[in-house]
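Hello,

Here is the model I promised to pass on.

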Amino acid sequence: MDLLQRLGRFLDRPGFPWKKLIVGFSLAEYLFESFLSARQYRVLQEKKPPKALEGEVSQEVFDKSQAYGRAKAKFGFVANLYSQIQNYGIIYYDLLPKLWSLTGIWLTQYTPAKYQGEIVHTLIFFFTYNIITTVLSIPTSYYSTFVLEEKYGFNKSTVKLWVMDMIKGQALMVVFGAPLLSGFLAIVQKTGNSFFYYLWLFSVVVSLFAITIYPIFILPLFNKLSPLEQGPLKTGVENLAKRLQFPLNSLYVIDGSKRSAHSNAYFYGLPWKKHIVIYDTLIEKSETEEVVGVLAHELGHWSLGHTTKLLGISQFHTFYIFALFSVFINNRSLYQSFGFHKEFPIIIGFILFSDALAPMDTVVKLLMNILSRKFEFQADEFAVKLGYSKDLASSLIKLQIQNLSTMNADWMYASYHFSHPILPERLGALGYYGDQKKADAKRVDDEKPVKASDREL
């Protein structure tokens, strides 16, 4: 703790150009990501599918996938520039101190004296700022949903549903954000220099709370979960869970088609009580064994401890973020550089600290994606060992076609942005190479010992 305090005093240098430094970080990150996107755009101009997909993906589907990828890339260039301009405008015109001052006036005029402390002021500031950023995001959100996704047949939403989702999102922000932010501020105010320990414990409790209430109160506001009907798929998944001793409590189908034609499947829950959710679009477009193959991959993450490891890494990262925040929370030169000369709000300190941490976040993102891709390969291998090599490969190809996912990628772009390996890499790791490999995959599966549970699957 003494080391952190000494570091904090060292970094608090009057006149230090924090604003220029943070603007420089933001610009450098934007240019770096634009450079990566430009490299990826060249790959999206290729005319033939990768060799691993020849015979699996038609030229028409490949062309449409490439066109979809280019459309998303072009939109990404514009959206990122729009975001960069917003960020620069907020900093250049000192909108944060002006908004803080304005919300302070509202606080004085419209709230009783006993509520005129930093916590209530912060809540008014935060929700006002959130509404402003939400309004500013409407053009890009609308274009993405009703122009880009609509053009390629993925959007199933309506303007009414889209608006209702935004309203529900804002309502949830108030209902859950207010007590969480209040707790965050109260801990910092009352626990002194060791606040980061208590903030971390608070975040652990909040995480467990969120896991518990999300499927009960939040998810039903946006989607409908229905129990999976009796049949071969339910039997197959239950047998798979039993075989792996996965603590399956319930199986649900989610109406993902309500908003999008994209497909997915996932599990969630506490360690002793898990739930599996399958998108209706995945069930509609896949064979039973292919869906079970996908879930064999997903449960591989659980069986191999990937979810536990990622949770541990996430908690360590959260602790490290809060510990570093304790270095900057009293940095007057940082506040003053952004126009805060008389008041030094905790929330502003956290926002500015987050901006200053951007270069480190870039490195963390790269390392986490590298680890995630490693885990994906391991989960694929796990599914293969269970005898689902052919079904998983077939399902991955179908999902790729249905979602018009990127068929190939620039290595540098993929290393930084992708949490999953691209399809040719996964098929190669599965040992699947077109017609020849179809026969080999069948032979590998046939040579595995057949258990009763395998026959049922």
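Predicted model: local features only at pLDDT ≥ 70, side-chain atom pairs only at ≥ 80, totals over all residues.

Residues are numbered from 1 along each chain as its sequence is written, and side-chain values use heavy atoms, with hydrogens and water left out.

**Annotated regions**

An unreviewed UniProt entry annotates residues 227-430 as "domain: Peptidase M48". UniProt positions are given in the numbering used here, feature names are shortened, and annotations may be inferred rather than shown by experiment. In the model, the span 227-430 is 65% helix and 10% strand, and its end C-alpha atoms lie 32 Å apart. Helices (H or I, at least four residues) and strands (E, at least two) are DSSP runs, numbered from the N terminus.

The unreviewed entry also gives "transmembrane region" for residues 171-189 and 195-222. Residues 171-189 are 100% helix and 0% strand, with end C-alpha atoms 27 Å apart. Residues 195-222 are likewise 100% helix and 0% strand, and there the end C-alpha atoms are 36 Å apart.

**The active-site residues**

Where does UniProt place the feature "active site"? The unreviewed entry puts it at Glu-298 and Asp-380. These residues are spread over 83 residues of sequence, yet they cluster in space, with a largest C-alpha distance of 8.8 Å. Of these residues, the lining of the largest pocket includes Glu-298.

Glu-298 sits in helix 10 (residues 288-303). Glu-298 counts as buried because its relative accessibility is 17%; buried means under 20% relative accessible area, exposed over 50%, and partly exposed in between (1.4 Å probe, protein chains only). Not counting residues up to four places away in sequence, Glu-298 touches Ala-265 and Phe-267, where contact means heavy atoms within 4.5 Å.

Asp-380 belongs to helix 14 (residues 358-385). With a relative accessible area of 1%, Asp-380 is buried too. Leaving out residues up to four places away in sequence, Asp-380 touches His-297, Leu-392, Arg-426 and Leu-430.

Leu-386 is in the loop between helix 14 and helix 15 (389-403), and it counts as buried at 14% relative accessibility.

**A strand pair**

Strand 3 (residues 265-270) pairs with strand 4 (residues 273-279) in the antiparallel sense over six bridges. Two strands pair if DSSP finds at least two bridges between them. A hairpin of two residues joins strand 3 to strand 4, and the bridge partner of Gly-269 in strand 4 is Lys-274.

The largest pocket has a volume of about 1,000 Å³. For the terms: on a 1 Å grid over the protein atoms alone, a pocket is an open set of points with protein on both sides within 12 Å along at least five of seven lines, and lining residues have an atom within 4 Å of a point. Grid points are joined across faces, edges and corners, and a volume is the space filled by probe spheres (1.4 Å probe) set on the points.

Of the 34 residues lining the largest pocket, Gln-400, Ser-405, Thr-406, Phe-418 and His-420 are the closest to its centre. Helix 3 gives the largest share of this lining, six residues. By type, the lining of the largest pocket has 14 nonpolar, 15 polar and five charged residues. Here Ala, Val, Leu, Ile, Met, Phe, Trp, Tyr, Cys and Pro count as nonpolar, Asp, Glu, Lys and Arg as charged, and the others, Gly among them, as polar.

The second largest pocket has a volume of about 890 Å³. Of its 30 lining residues, the closest to its centre are Phe-267, Gly-269, Lys-274, Thr-307 and Leu-311. Elements giving two or more residues to this lining include strand 3, helix 10 and helix 14, while the largest share, seven residues, comes from helix 11. The lining of the second largest pocket divides into 15 nonpolar, 12 polar and three charged residues.

Helix 11 also holds Gln-315, which is buried at 14% relative accessibility.

Best wishes
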